[in-house]
Every structure is written in structure tokens, then in C-alpha cells.
Amino acid sequence: MTASVKSGEAPVRSEHDIVLARQQVRRLAQELQFSLVDQTKMVTAASELARNALVYGRGGTMHWIILDVDGRKGLRLKFADEGPGIPNMELAMTDGWTSGNGLGMGLTGTKRLVNEFEIDSAVGAGTRVTITRWK
Amino acid sequence: MEKIPILRMGEFLLVTIQIDMHDQLALKLQDDLSTAISRNASKGVLIDISSLEMVDSFIGRMVADISGMGRILGAETVLVGMQPAVAITLVELGLSLPGVATALNVERGMALLRQKIDADGADDGQR
């Protein structure tokens with residue numbers, strides 16, 4: 001059975017919010033007693049997605065949920081923005097591709113840092129990226 | 001305003017990043033460093049990130065840019081003290097920081113800088 005133990009949200013509206021999002025994810029990952037490497041991966045993934053939401057999505061929200069599936073704990077983050085959306089998902093998920101000033105590692109790189117990765121976006125309908133890391 | 005101090009030690013500049021930087025602060029450091037390299041005619045830059053618990057693609061790019069910019073201005077850059085968890089994460093993220101010299105700690109970083117500068121000096125002598 002999947003149960004959400006605890007959840008919350010935080011705004012991603014400024015560069016400072018990216019820092020706060022990282023700190024929040026670090027606290028949650030520590031609470032779940034993730035290993036240091038897993039903490040670092042989740043914090044880094046959150047930082048990438050928060051920046052995407054701010055830079056490409058003109059700001060949004062980070063929702064977080066602590067999950068418990070038959071005693072197995074996990075942390076799920078969802079970044080939602082109301083930006084222009086991603087016109088070509090295949091291209092956006094290509095290693096090395098960037099529409100802006102990044103290194104082109106944002107989405108594909110982030111995907112490698114987590115256990116589950118889901119993206120939902122449409123032109124004019126914003127972007128929602130959900131990532132999960134299990135303990 | 002927040003600022004990351006740049007220490008001058010002879011022909012080297014030393015930067016220790018001890019806080020979780022927001023993006024503008026990282027860009028400001030890049031700016032301040034290029035100014036400092038040029039003003040002091042520095043030969044080497046040592047960046048200590050042993051206190052950093054996370055390096056994402058933005059900070060990774062900043063480090064790579066500082067290194068490239070420094071080279072054009074005649075200074076070698078060495079990045080030191082990266083935590084193992086940060087290194088593992090960076091590689092999985094897809095950032096191997098090509099062109100950025102790294103060392104385990106400040107002491108080894110300094111030795112590497114000296115070595116690089118001596119090698120450059122020897123090249124100049126042959127011309």
C-alpha cells in the first residue's frame with residue numbers, strides 16, 4: 001500500500017528560492033536517512049529542476065511528498081510551472097541539447113540521478129516534472 | 001551584499017567557497033576573479049570547494065568558465081577538495097569538467113599549480 005506520510009510545497013520564484021529548495025530537499029533526504037550520495041543526488045536533481053522551472057518556466061512550485069510503500073520510504077518531488085511548455089520533448093531529452101545557456105545536461109542528467117522520472121509538458125500548458133528516489 | 005572573498009598569495013589567488021551560492025553570486029565570483037587575475041597578473045587560481053555539499057550544472061559551468069577565462073588571461077586554475085558524493089553525482093549528471101584541473105586537497109592543488117606554472121615558464125624559455 002502506498003501512503004503519503006507527509007507533504008508540502010515551496011515556491012520557485014527567485015534564485016534564492018532555488019537555494020531554499022535545495023536546503024528543504026536536503027532536510028527531507030536526511031530525515032529519510034538517505035545515504036550521503038543519495039542525498040546529494042536528490043539535492044542536485046532538485047536544483048536542476050528548480051532552475052529549469054525558474055528560467056524556462058518563469059517560476060513555479062516544488063511539491064514534495066514523503067512516501068511509504070509497505071515500509072519502503074521514498075521522496076517524491078514535483079516541479080510545476082505555467083511557462084511556455086516544451087515543444088519538442090524528444091529533443092529536450094537528448095543529451096547535450098540546450099535551448100538556453102545551460103550545458104545541455106539538465107533533463108537527461110537529472111533523470112540519471114533519480115529512480116523514477118516523469119515529465120509532462122505541452123506548448124502553452126506549462127511543464128511538470130516528477131522525480132522519485134527510494135531509500 | 002554577499003561576496004566570496006578572493007585572497008591573494010603572491011602570484012596565486014585563493015578562493016574558498018563556503019556557502020550554498022545562488023546563481024548571481026556564482027556569476028559575481030566569476031567576474032571578480034577575472035578582474036583580480038588581470039589586476040594582479042596572477043599566474044594561478046586555486047578554488048577550494050571542500051565545504052560545498054552540491055555542485056549542479058550551473059556551478060559546474062561556472063568553474064569550467066573560470067578555468068577557460070583564466071587560461072586566456074594567463075592563469076592556471078585548479079579545483080580542490082571536491083567531496084566524493086559530489087564527484088559521484090557530477091559524473092552521473094554528465095559533467096566531467098573537461099579542461100578543469102583538479103586535486104584532492106589544497107596542498108596537492110598548490111603543488112599542481114606550481115608544476116603547471118613551471119612547465120609554462122620552461123616553454124616560454126624555449127621560444
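1. Helix 2 (residues 36-55) of chain A packs against helix 3 (residues 84-93) of chain B at an angle of about 50°, and their axes are 9 Å apart. Axes are lines fitted to C-alpha atoms, for helices over the stretch in contact, and angles run from 0 to 180 degrees between N-to-C directions. Helices (H or I, at least four residues) are DSSP runs, numbered from the N terminus.

2. This is a predicted model, in which local features need pLDDT of at least 70 and side-chain atom pairs count only at pLDDT 80 or more, while totals for chains, interfaces and linings use all residues. Residues are numbered from 1 along each chain as its sequence is written, and chains are lettered from A in the order in which they are written.

3. On the chain A side, L36(A), V37(A), T40(A), K41(A) and T44(A) of helix 2 meet A85(B), V86(B), I88(B), T89(B), E92(B) and L93(B) of helix 3 of chain B. Contact here requires C-beta atoms, placed from the backbone, within 7 Å.

4. Over the whole interface, 19 residues of chain B are in contact with 24 residues of chain A. Helix 1 (23-40), helix 2 (57-72) and helix 3 of chain B each supply at least two residues of the side that touches chain A. Helix 3 of chain B gives the most, with six residues.

5. As to confidence, the predictor gives the complex an ipTM of 0.89 and a pTM of 0.91.

How values were computed. Two residues are in contact if their C-beta atoms, placed from the backbone, lie within 7 Å.
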